[in-house]
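Keep the structure open while you read.

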Amino acid sequence: MTVTPLATHASDRPAPVFRGRIGRDARSGHYAVPGRYRLHLSTACPGGLRIAVTHSLLGLDTVCPATFLPAVPDCPEGGHSVLRPLYEASTHRYTGPAVAPVLSDDWSGRIVSTHAPDIMRDLDRRFGGDRLSLYPCGAESEIEAVERMCAQGIEQAAQRAGSAGGEPVERDLALSTLLETLGALERWLVGRTYLIRDEVTAADVELWVVLVQLDIVHRNHLDAAVVQRIADHPALWAYARRMAARPAFGAHLDLDGIERRHHARCHGLEAAGAAVQILDWAAHSAR
């Protein structure tokens, strides 16, 4: 899949606090041992949903257990009180929010990583085995291109297009970027089951989660005509339905939680598009 690089824009995602990695052997410090690590996830959060889908696709329930957190954090700064001991054990006098997702080390009681892309790659490479590879050999550059396309061409573009404080010219430019990106994906997916290979990869996890966010979250700040234009990509949304029908994807889809998390964090104006849901996710999601 050929991806045209988009202009770089600032992201509202906070910089990860911990970027530890799981290595191959004891020399790396954090090395792969079944049962040693634990995930702490909220599937209402995009990063948490990506990791949860990856975790299920790889079948890691016993190898790396997951603890699922409430959709809406219970601390005013956006953190989870249950994660506070992990953060305080990992950083002296830590004062920031105790946010998810977290990959922790049960042996030390400390955090390994809070960076979702690294966590996904380490789960696949260190625990995935031979059954399925979400980052197949030779596909890393394609997956990274899809990640950039989703972040810049869909997520950030949709945020700017629906920004109540943005200039009309800026919103129009962002909308053009969003529709151009969706159009490129639409053309690419015609006749294809998956995005870059003949089986599911991390690129499919990335695209599916960003489409969930586009319909459930960003749609709230767009007008009805714009949402209709976004919906007018039949191959793309048929792809989203197919992915949702797979248990590893649809079983983690917490629609109510995503909406509650969004409304707890967002203070923007709601537009007419909020009433025009693109997919009936509940009807298509595997449970």
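1. Buried here means under 20% relative accessible area, exposed means over 50%, and partly exposed is in between, using a 1.4 Å probe and protein chains only. Helices (H or I, at least four residues) and strands (E, at least two) are DSSP runs, numbered from the N terminus.

2. A word on what you're looking at. This is a predicted model, so local features need pLDDT of at least 70 and side-chain atom pairs count only at pLDDT 80 or more, while totals for chains, interfaces and linings use all residues. Residues are numbered from 1 along each chain as its sequence is written, and side-chain values use heavy atoms, with hydrogens and water left out.

3. Who are the neighbours of β3? Two strands pair if DSSP finds at least two bridges between them. β3 (residues 102–105) and β4 (residues 110–113) are antiparallel, with three bridges, and β1 is joined to β3 by four bridges, also running antiparallel. Look at serine 104: arginine 38 stands opposite this residue, and its bridge partner in β4 is isoleucine 111. Leucine 103, for its part, stands opposite serine 113 in β4.

4. Now the turn of that hairpin. Four residues lie between β3 and β4, and glycine 109 takes a positive phi near 70°.

5. On to the aromatic rings. A pair of aromatic rings is described by the distance of the centres and the angle of the planes. Rings of Phe, Tyr and Trp (its six-membered ring) pair if their centres lie within 6.5 Å; planes under 30 degrees apart count as stacked, over 60 as edge-to-face and the rest as tilted. That rule gives six aromatic pairs. In one of them, tyrosine 31 and tryptophan 107 have ring centres 6.1 Å apart and planes at 80°, so they are edge-to-face. Tyrosine 31 lies in the segment before β1 (37–41) and tryptophan 107 in the loop between β3 and β4, so this pair ties together parts 76 residues apart in sequence. Tyrosine 31 is partly exposed at 24% relative accessible area, whereas tryptophan 107 is exposed at 54%.

6. Are tryptophan 208 and tryptophan 281 stacked or edge-to-face? Their ring centres are 6.2 Å apart with planes at 75°, so the pair is edge-to-face. Tryptophan 208 belongs to helix α6 (residues 202–216) and tryptophan 281 to helix α11 (residues 281–284), so the pair ties together parts 73 residues apart in sequence. Tryptophan 208 is buried at 0% relative accessibility, and tryptophan 281 is buried at 0% as well.

7. Some rings have a charge over them, meaning that NZ of Lys or CZ of Arg is within 6 Å of the ring centre and within 35 degrees of the ring normal. Arginine 36 lies over the face of tyrosine 31, 5.0 Å from the ring centre. The charged end of arginine 192 sits over the ring of tryptophan 188, 3.8 Å from its centre.

8. Last, have a look at α3 (residues 116–127). Nine of its twelve residues are buried, among them Ile119, Met120, Leu123 and Phe127. The cover over the buried residues includes β1, α1 (46–57), β3, β4, α4 (140–161) and α6, where contact means heavy atoms within 4.5 Å. After α3 comes glycine 129, with a positive phi near 75°.
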